[in-house]
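Subject: Structure handover

Hello,

Here is the structure for your files. My notes follow below it.

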Amino acid sequence: ILCTTLQGPDFNAKRKKKVAEIHQALNSDPTDVAALRRMAISEGGLLTDEIRRKVWPELLNVNTSEPPPISGKDLRQMSKDYQQVLLDVRRSLRRFPPGMPDEQREGLQEELIDIILLILERNPQLHYYQGYHDIVVTFLLVVGERLATSLVEKLSTHHLRDFMDPTMDNTKHILNYLMPIIDRVNPELHDFMQSAEVGTIFALSWLITWFGHVLSDFRHVVRLYDFFLACHPLMPIYFAAVIVLHREQEVLDCDCDMASVHHLLSQIPQDLPYETLISRAGDLFVQFPPSELARAAAAQQQAERTAASTFKDFELASAQQRPDMVLRQRFRGLVRTEDRTKDVLTKPRTNRFVKLAVMGLTVALGAAALAVVKSALEWAPKFQLQLFP
């Protein structure tokens, strides 16, 4: 059973059992990465930063024995992004633990700048975006500068690759999965949001920072990072959808206009039931996989006159270690205008979707975790797939 309840009178016993299972997976030869993914997804995640320092590199297939990347150049003098990175890092005070001595925080901020500039210098195809530093600082605080550099570099060329293009086309494409997920589960909420013309921009900072920018409690941030690192790269958009679904009544009680709904949704609550939402996101991923949502997401993207393609292209691009690289190339010949219109206007509304959403709140994560883990392994780089035939 993957979804271990880590609360109640036997909390310590269950916690010790999970810690033992994690160490057993780490000490296997070869390392049991599939088991580590299950542990990262299941309730409580990886439990401690000490464990994360050992498991996160395994989830990203980073060799911790290799020397950290370095540069012989004065990147602060040469980088075109230095001034923007400096401004963003200076504004990142709240991302550091309260009560941290100023000298220690300032030292970490210098390290944060160096990590970002080094990754950009080593990967000229990557483009800095505001919010990237929110992800980097999370890794810095958990694993330290040396390992954070290696982990974030791998993450930037895989999970975050879409956000680091010269334009936001691919980011918009991922955001366009949000409304189809909501539509499958709660057509009434979807239609209300469509009528309000709220769009998806309220979720942009959630997506591109993996919620690091909007959650004030660091424990919640690293718990989500455990989940996202173990899963399909689109899992953050499923989690964004379950947050909106969780707030259904608040949304429906709003005035049906863009300003009201956007204001409500952009103010993310800090007391969310994170484990319940993680479980529900996993269930929804299984019930409505990205391949099923691709046409609706592409149609929404086309309606907004941005680039789009099919999820098959998305999968291909990921296998080539460039997620979303070819999303724009095949859309026109694959989704005809009349088919898109028919999908939008005549799709039947049934209670089945609502019932499935309720199941997402009550079913243990076991089956979902297995499917998500399988999908995550399928999305891994080719050299990692060879370890898991």
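At roughly what angle do the axes of helix α2 and helix α3 cross? The axes of α2 (residues 33-41) and α3 (residues 49-59) cross at roughly 120° and come within 10 Å. That makes α2 oblique to α3 (angles under 35 degrees count as roughly parallel, over 145 as roughly antiparallel, 65 to 115 as roughly perpendicular and the rest as oblique). Axes are lines fitted to C-alpha atoms, for helices over the stretch in contact, with angles from 0 to 180 degrees between N-to-C directions. Helices are DSSP runs (H or I, at least four residues), numbered from the N terminus.

This is a predicted model: local features need pLDDT of at least 70, side-chain atom pairs count only at pLDDT 80 or more, and totals for chains, interfaces and linings use all residues. Residues are numbered from 1 along each chain as its sequence is written, and side-chain values use heavy atoms, with hydrogens and water left out.

Helix α6 (residues 102-122) packs with helix α8 (residues 145-156) at about 40°, their axes 10 Å apart. That makes α6 oblique to α8.

On the UniProt side, an unreviewed entry annotates residues 227-245 and 356-377 as "transmembrane region"; such annotations may be inferred rather than shown by experiment. In the model, residues 227-245 are 74% helix and 0% strand (strands being E runs of at least two residues), with the end C-alpha atoms 19 Å apart.

Regards
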